[in-house]
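Let's take a friendly walk through this fold, starting with its sheet and moving on to the helices.

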Amino acid sequence: MANTVKVKLIKGLIGTRETHRATVRGLGLRKINSVSELEDTPAVRGMINKVSYLVKVVS
């Protein structure tokens, strides 16, 4: 099984850039406190890094 990473949305998207909102949706997150389990790839890590002020990696 491939490594996975869980990402949690910790802040709302109001007032953020449209590209950042699209990145959050690409991570599979909708509402605050929603959690998405994704494959740990460089692309996903880059998306998490881009919106690091909105999301948190949970174990």
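## A sheet and its helices

V5 stands opposite L38 in β2. This is a predicted model, in which local features need pLDDT of at least 70 and side-chain atom pairs count only at pLDDT 80 or more, while totals for chains, interfaces and linings use all residues. Residues are numbered from 1 along each chain as its sequence is written, and side-chain values use heavy atoms, leaving out hydrogens and water.

Strand β1 (residues 4-9) is joined to β2 by five bridges, and the two run antiparallel. Strands here are DSSP runs of E with at least two residues, helices are runs of H or I with at least four, and both are numbered from the N terminus; two strands pair if DSSP finds at least two bridges between them. The open sheet has three strands in the order β2-β1-β3, with antiparallel pairing. Its edge strands, β2 (35-39) and β3 (55-58), each pair on one side only.

Now to α1 (18-26). Which residues of α1 are buried? They are H20, T23 and V24 (buried means under 20% relative accessible area, exposed over 50%, partly exposed in between, with a 1.4 Å probe and protein chains only). Because these residues cover an arc of only 100° around the axis, they lie on the same side of α1. The arc is that of the directions from the helix axis to the C-beta atoms. The face turned away from the buried side of α1 carries the exposed residues E18 and G26.
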